[in-house]
Every structure is written in C-alpha cells, then in structure tokens.
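Q: I'd like to go through this model with you piece by piece. Can we start once it is up on the screen?

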Amino acid sequence: MANLHVMTTSNPRSDYAFSWTIENFLYSSKQLFGPPFSPISGFPESFRFECENKLTYCPTNFNNELCFKYCRVFHVRLAHLNAKELQMYVSADITLSNTKMILFCKSCDIMRLRQTKISLIAYRPDKFNEKIFMEGLRDSKLKLEGTLTFSGYELSTSVSVEPLALQQPSGNCAISELVKDFKAMYEDGRCSDVTFTIGDEKLPAHKAILAARSPVFAEMFEHRLHENITNVTIEDIYTNTFKDFLLFLYTGGVGDSTCESLVSLYPVSKKYQVLSLQKFCVLSLSSVLTVDYASDVLLLADMYEDKEC
C-alpha cells in the first residue's frame, strides 16, 4: 500500500508574466473581466484582472466649498477568485498602452493579499495628466501587460511513495535454476550412488531422484533385498535412449525430440511407469510425426492400448 507524504515549501517566490488585450474598449461595458489564470505551478488559487471605466458623480473641493461634479473613474484590480483568505504578497510591474502610446507605467510595491481584490491602477486627476490619459482611453484597444511577483506563501505537494519491498524471485526463475542444477548433477555424476551399465558405457545416477520419479525404481531401491544395489545392467534399451530417459527424470525434458527418439522413449516410459514421460511423448509426437514413423506409432498404440498415442 502506498504511503502519502506531504512536502511543504515555505516562502517561495514566483514570477508570472501577463498580457491582457481589451478589444473594443470604447464599446465595452463599464466593468470588464480578464480570463482567470493560476500564476503559481502547483498552487490551486486563481486570479483575474478587472477593469472599471465609468463616469460618476463625486464630491470635490472648489474654493474651499464642497461641490459635486462628474469625474472619470478608471481602475485596474487584481482579483482573487477563491473564497478563502490568502497569506501571501504580490508586487507588480505594469504597463498600460493603446495602439499609439504608453498611457501608464508603474512598479507597485509589495502588497499583502488579505482581501479579495487589490488595486493596481487607480486614476486620480491630481496624479495624472487628465487630458492625455483620458484621450488615450478613448482608443478602441487597450493592452495591460507586465509581471506579477508572488511571495510569502506555502506550497504543499503530496507525493505517493511505494514502500520498499525486497524483490522475490519469480516462480519460473526458481524452477529454471532448479532444472539447471539437477541437469549439472546428472551430467557430472557427483554424489552418485548407483551406476547403470549399457554395453561398455557406465552412467552414474542418484537413487533418491530415480525413486522419486519412477515407481519401478522406488521398489527396486527401497526393497531390503536390493537396498545395497550399486550397479544395474541394462540390456534391452539403447544407450542414447536411456540417456534421454535419465535426463527426463532429472529435468523434465529431453535433448532431442525427434520422431525416432520419441518412439524409442515411449516403451521405456511404460516399462518404468513414468506417466509424465508418456504424456510428453504423446504430445510431442503429435507435433513432429512424419509419414515415415506413422506405422511405428500405430504399432505402439496397439501394443500398449494407448488411445491417445
């Protein structure tokens, strides 16, 4: 089962380059909204720019007397779209331009994002050349661009880690190693306790393995009268056929699965009652049988009354 680890990075810093083009500014509504964006990779918060451009009736001071007049209100704000309060800071380099010139350029100091909106551009007649600025706003296209720098937040990342487990060898791998070791023991004859003599050739073997694989060998070696047998003479089986037979007892396979070898092995499997070798011969013959050995196979089937052969 995977374990979940949470890694937290405190006080990182992230820069986000932005560009927002407002088409048909003169014919747009009084309040415009830019597309939402997530400026910080791995941070779920979303933001957008909001632009407000309208005439409003506002109080002013004229000759030390309070009076009211129409004035232009122009705001560009950065709005936080998520409901929860953020513990982070933002600074900005902002440029506002139309198709002809730059109207506004400013570097905003670090501001804490405690509320849902912070003001980036706030037009005030006493701070701007009203004629130039208002003439610029009459263009049909405005472009807001620059860089936002976010800081002071915590970024948590969840990482799923699989527990380290010792790799166990697969079953097929273990069986392959076992077959390899048994084949080596058969071929070099180490620790053998019985020898088969076929003509002038002697084949060493191991009673325990032979007894485990063949009921005939088990009875031969476990009987009290025969338990001291160390040499067995074979007179009715060819040397190569008996070698293949011993190899199958050790490894479950033979060296050469030809029609000739399989036809010779089948009677041996019957003699020593090795059922797995009988099935092996039948299945192998069904895939390699040729016309030349068809009569031999039919003869074996009739002789041993084997319907599968």
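Q: Does Ser284 count as buried or exposed, and at what relative accessibility?
A: This is a predicted model, and in it Ser284 counts as buried, because its relative accessibility is 12% and the cut-off for buried is under 20%.

Q: Where is Ser284 found?
A: Ser284 lies in helix α7, which spans residues 275-288.

Q: Which residues of α6 and α7 meet?
A: From α6 the residues are Cys259, Leu262, Val263, Leu265, Tyr266, Ser269 and Lys270, and from α7 they are Leu277, Gln278, Phe280, Cys281, Val282, Ser284, Leu285 and Val288. By residue class, this contact divides into 11 nonpolar, three polar and one charged.

Q: And how do the axes of α6 and α7 cross?
A: The axis of α6, residues 259-271, comes within 9 Å of the axis of α7, and the two cross at roughly 155 degrees. That angle makes α6 roughly antiparallel to α7, since angles over 145 degrees are counted that way. The crossing of these two helices is left-handed.

Q: What about the loop between α6 and α7, where is Gln273?
A: Gln273 sits in that loop and is partly exposed, with a relative accessible area of 48%. Its phi is near 55 degrees, which is a positive value in a residue other than glycine.

Q: What does Cys259 touch?
A: Leaving out residues up to four places away in sequence, Cys259 touches Leu285, Val288, Leu289, Thr290 and Tyr293. Of these, Leu285 and Val288 are also listed on the α7 side of the contact between the two helices.

Q: How far apart are Cys259 and Cys281?
A: From C-alpha to C-alpha, Cys259 and Cys281 are 9.2 Å apart in space, with a separation of 22 residues in sequence.

Q: Now the other partner of α6: at what angle do α5 and α6 pack?
A: Helices α5 and α6 pack at an angle of about 70 degrees, and their axes are 10 Å apart. That makes α5 roughly perpendicular to α6, and the crossing of this pair is right-handed.

Q: Which residues of α5 and α6 meet there?
A: Thr241, Asp244 and Phe245 in α5 meet Ser261, Ser264, Leu265 and Val268 in α6. The residues of this contact divide into three nonpolar, three polar and one charged. Leu265 of α6 also takes part in the contact with α7.

Q: Is Thr241 buried or exposed?
A: Thr241, found in helix α5 (residues 239-251), is buried, with a relative accessible area of 9%. When neighbours within four places in sequence are set aside, Thr241 is in contact with Ser264, Leu265 and Val268.

Q: Zooming out, how many helices and strands does the chain have?
A: The chain has eight helices and 13 strands, and buried residues make up 36% of its 309 residues.

Q: What share of the contacts is between residues 24 or more positions apart?
A: Among contacts in the chain with a separation of 6 or more, 65% are between residues 24 or more positions apart.

Methods. Residues are numbered from 1 along each chain as its sequence is written. This is a predicted model: local features need pLDDT of at least 70, side-chain atom pairs count only at pLDDT 80 or more; totals for chains, interfaces and linings use all residues. Side-chain values use heavy atoms; hydrogens and water are left out. Axes are lines fitted to C-alpha atoms, for helices over the stretch in contact, and angles run from 0 to 180 degrees between N-to-C directions. Helices (H or I, at least four residues) and strands (E, at least two) are DSSP runs, numbered from the N terminus. Angles under 35 degrees count as roughly parallel, over 145 as roughly antiparallel, 65 to 115 as roughly perpendicular and the rest as oblique. A crossing is left-handed if the near helix is turned anticlockwise from the far one by less than a right angle, and right-handed if clockwise. Contact means heavy atoms within 4.5 Å. Ala, Val, Leu, Ile, Met, Phe, Trp, Tyr, Cys and Pro count as nonpolar, Asp, Glu, Lys and Arg as charged, and the others, Gly among them, as polar. Buried means under 20% relative accessible area, exposed over 50%, partly exposed in between (1.4 Å probe, protein chains only).
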